[in-house]
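Hello,

Here is the structure we talked about. My notes on the sheet follow below the model.

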Amino acid sequence: MTLPVRDDLVGKKPYGAPQLPEAIQLNVNENPYPPSAALVADLARAVSEAGASLNRYPDREALGLRLDLAAYLTRVTGVALSVEQVWAANGSNEVLQQVCQAFGGPGRVALGFEPSYSMHPLLAAGTNTGWVAEHRAADFTLSLEVAVAAVRRHQPAITFLTTPNNPTGTVTALDVVTAVCEASTGVVVVDEAYAEFGGTVSAVTLLDAHPRLLVSRTMSKAFAGAGLRLGYLAASAEVVDALRLVRLPYHLSALTQTAARVALAHTDELLGTVEAVKAQRDRMVAGIGALGLTVVPTAANFLLFGPFEQPAQVWQQLLDRGVLVRDVSSGPGLAGWLRVNAGTEDETSAFLAALAELA
Ligand SMILES: *Cc1c(COP(=O)(O)O)cnc(C)c1O
């Protein structure tokens, strides 16, 4: 049977990192530390209160949550943000999809610098936005000259800059962001999914100067809330208004809004895991290096290691030893490389022991 799927989707593959709960899962950059019993108890109480009015639609504008997110961003960046400048959705993937819906679409192109996050081209495809890719340098950095030349050449409606970049961990300096904003007539999205691990200055500090700059963030990584599905964005109020044109009504459930606010009330506890995660990442960097392999310099909770002649085989051999990493080697510019994220101390030890057996 041939389904009448859109022509431009035929032959495309869905996003699909393996989910193998029986393995030590170091393949999707999650924070390995679960929430505390105190946080879970607060969550249960708040969700049960919210449950009492589930017959009603939730706050369509999620104002309470957006206010909390604005306060958090102000706290970590020093930039005063109003609730009108902050937007939230079910994961930053949904935020980015809304950006493609509002600013992309047929006849427009989005630009990315590969290797980078594999969802950016998929979100472009799903919204019928053209995709153009330029390349990072051999060391995976992105220079101002390359970035600006690409913007001039392609005149993209949307430019994606990811920092720290996934899957390479590479930081892009703010002067590159500034130059890309100045060269662009379209919107510029800085995807800061891993910002809390990097400790670098956020592109949020550039918002005042650049009205078409959008900074996306997520509670999935440093905030240890991957299961929560909450992503957010800071931009001008006009950008947020444009996203409200394409969002589904009541896109954020009352339970999601409640749970995210409880998590934000526990910000110190949740972000308290960041140093522990970075310490395990640094153990990985040292341990992998000691085996004579290369680790790409990283500012995130994961790292790219290799290069391997047979990365798929190494991936399988690690899985045979109970450790699941990410085989990114079929991605553009990534031949030979595998990605792994920091785990708990025990998980990190298990990974390093498994890798040492293969060396
Ligand atoms: C993990 C990740 C996201 C986050 O996705 P969510 O939908 O918020 O879970 C966004 N961008 C990049 C680059 C990522 O690696």
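**Strand 7 and its sheet**

Strand 7 pairs with strand 8 (residues 231–234) in the antiparallel sense over four bridges. Threonine 218 is opposite glycine 231 of strand 8. Strands here are DSSP E runs of at least two residues and helices H or I runs of at least four, numbered from the N terminus; two strands pair if DSSP finds at least two bridges between them.

This is a predicted model, in which local features need pLDDT of at least 70 and side-chain atom pairs count only at pLDDT 80 or more, while totals for chains, interfaces and linings use all residues. Residues are numbered from 1 along each chain as its sequence is written, and side-chain values use heavy atoms, with hydrogens and water left out.

Strand 6 (residues 187–191) runs parallel to strand 7, joined by four bridges, and valine 188 has leucine 213 as its bridge partner.

Six of the six residues of strand 7 (residues 213–218) are buried, so the strand is largely enclosed by the rest of the structure. Buried means under 20% relative accessible area, exposed over 50%, and partly exposed in between (1.4 Å probe, protein chains only). Leu213, Val215 and Arg217 are buried on one side, and Leu214, Ser216 and Thr218 on the other.

Seven strands make up an open sheet of mixed pairing, in the order 2-8-7-6-5-3-4. Strand 2 (86–89) and strand 4 (130–135) are at the edges with a single partner strand each, so one side of each has no neighbour in the sheet.

Regards
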